[in-house]
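Hi everyone, thanks for making time this morning. I'd like to walk you through one structure, going from the overall fold down to a few single residues.

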Amino acid sequence: MILDYKDINDLNRYKIMSGTVIPRPIAWIVTQDNGVLNAAPFSYFIPISSNPALLIVAIGQKDDGSPKDSLANILKTKKATICFVNKDNVEQVQKCAMQLGKDESEIEKFEIEVKEIMDGFPPMIASSQSAMFCEYYDTYKIPGDTTPVVLELKYQFIEDDRINERNHVSVENIGRAGVTFKALVDL
């Protein structure tokens with residue numbers, strides 16, 4: 001079957017693309033504005049360069065067409081913390097997909113424990129095995145309701161027992177496979 005994307009609406013394009021490019025990492029992006037912590041789940045992100053250390057995340061709009069809080073906060077504060085999801089916190093990240101008002105915090109509403117690791121960056125989700133502390137790098141204008149945001153990785157937290165002397169990392173991240181979450185396992 002050949003799918004012609006000009007004949008497929010945005011929602012179905014998303015379903016087909018996200019169901020094909022699997023597994024995709026799932027993570028919270030924690031941002032902050034005026035003392036309100038925002039923790040939003042994202043699965044449309046990936047590393048794009050190691051020098052400089054860059055990641056790209058695609059951030060959509062709210063239902064009313066305004067920028068999502070994550071995007072507004074990143075553009076204002078120039079900081080974000082990416083926290084990876086594992087089997088111990090997958091239920092919490094699913095709750096955070098609910099759209100809240102700008103002055104409401106998923107961290108407070110869903111009683112998610114955070115910890116301050118790096119001064120000047122939003123806190124990380126305490127149950128994450130790894131977190132990336134990022135600064136805004138650039139955005140790209142594309143047609144539609146999505147803004148690709150490039151973030152530069154400045155610091156990374158990894159639990160001590162999850163990285164060896166050769167810098168091989170062993171985390172138990174959850175990936176997105178279509179509409180479901182899957183644990184990544186060794187073969």
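Let me start out on the surface, with asparagine 167: its relative accessible area is 57%, over the 50% cut-off, so the residue counts as exposed. Please keep in mind that this is a predicted model. Asparagine 167 sits in the loop between β10 and β11, the latter being residues 174-177. Its phi is positive, about 65°, although the residue is not a glycine. For background, most residues other than glycine have a negative phi, and most peptide bonds are trans.

There are other spots of that kind. Glutamate 111, in the loop between α4 (106-109) and β7 (114-115), has a phi near 50°. With 69% relative accessibility, glutamate 111 is exposed. You will find proline 52 in the loop between β4 (45-50) and β5.

Now let's zoom out. How many helices and strands does the protein have? There are four helices and twelve strands. The radius of gyration is 16 Å, which agrees with the value near 16 Å for a compact globule of 187 residues. The C-alpha trace spans about 50 × 45 × 35 Å along its principal axes. Of the 187 residues, 39% are buried. If we take contacts between residues at least 6 apart in sequence, 60% of them join residues at least 24 apart.

For those of you who think about surfaces, the accessible area comes to about 11100 Å², and carbon and sulfur atoms account for 51% of that. On the charge side, we have 20 positive and 27 negative side chains, with the centres of the two sets 5 Å apart.

Let's go inside. The largest nonpolar core has 20 residues, and Trp28, Val30, Cys83, Val85, Ile112 and Ile125 are those with the most contacts inside it. β2, β3, α3 (90-95), β8 (124-125) and β9 each give two or more residues to this core. A second, separate core has 17 residues, including Ile29, Ile82, Phe84 and Cys134. Going back to valine 30, its contacts beyond four places in sequence include Leu37, Ala80, Cys83, Pro122 and Ile125.

My next stop is helix α2, residues 69-77, whose buried residues are Asp69, Ser70, Leu71, Asn73 and Ile74. What do these buried residues pack against? Their partners are β2 (27-33), β3 (36-42), β5 (53-59), β6 (79-84), β9 (130-139) and β10 (147-158). Take serine 70 as an example: it is buried, at 2% relative accessibility. Leaving out residues up to four places away in sequence, serine 70 touches Ile29, Thr31, Asn38, Ala40, Phe42 and Ile59.

Last one: is tyrosine 140 buried, exposed or partly exposed? Its relative accessible area is 43%, which falls between the 20% and 50% cut-offs, so tyrosine 140 is partly exposed. Tyrosine 140 lies in the loop between β9 and β10, and beyond its neighbours within four places in sequence it contacts Thr147, Pro148 and Val150. From tyrosine 140 to asparagine 89 we count 51 residues in sequence and 32 Å in space, C-alpha to C-alpha.

That's my tour, and I'm happy to take questions.

Terms used. Residues numbered from 1 in each chain as written. Predicted model: local features only at pLDDT ≥ 70, side-chain atom pairs only at ≥ 80, totals over all residues. Heavy atoms only, no water. Rg over C-alpha atoms; globule rule 2.2 N^0.38 Å. Buried < 20%, exposed > 50% of the residue type's maximum accessible area, 1.4 Å probe, protein only. Contact = heavy atoms within 4.5 Å. Areas by Shrake-Rupley, 256 points an atom, 1.4 Å probe, with all protein chains shown as cover. Lys, Arg positive; Asp, Glu negative; His and termini not counted. Charge placed at Lys NZ, Arg CZ, Asp CG, Glu CD. Core = buried A, V, L, I, M, F, W, Y, C linked by side-chain atoms within 4.5 Å.
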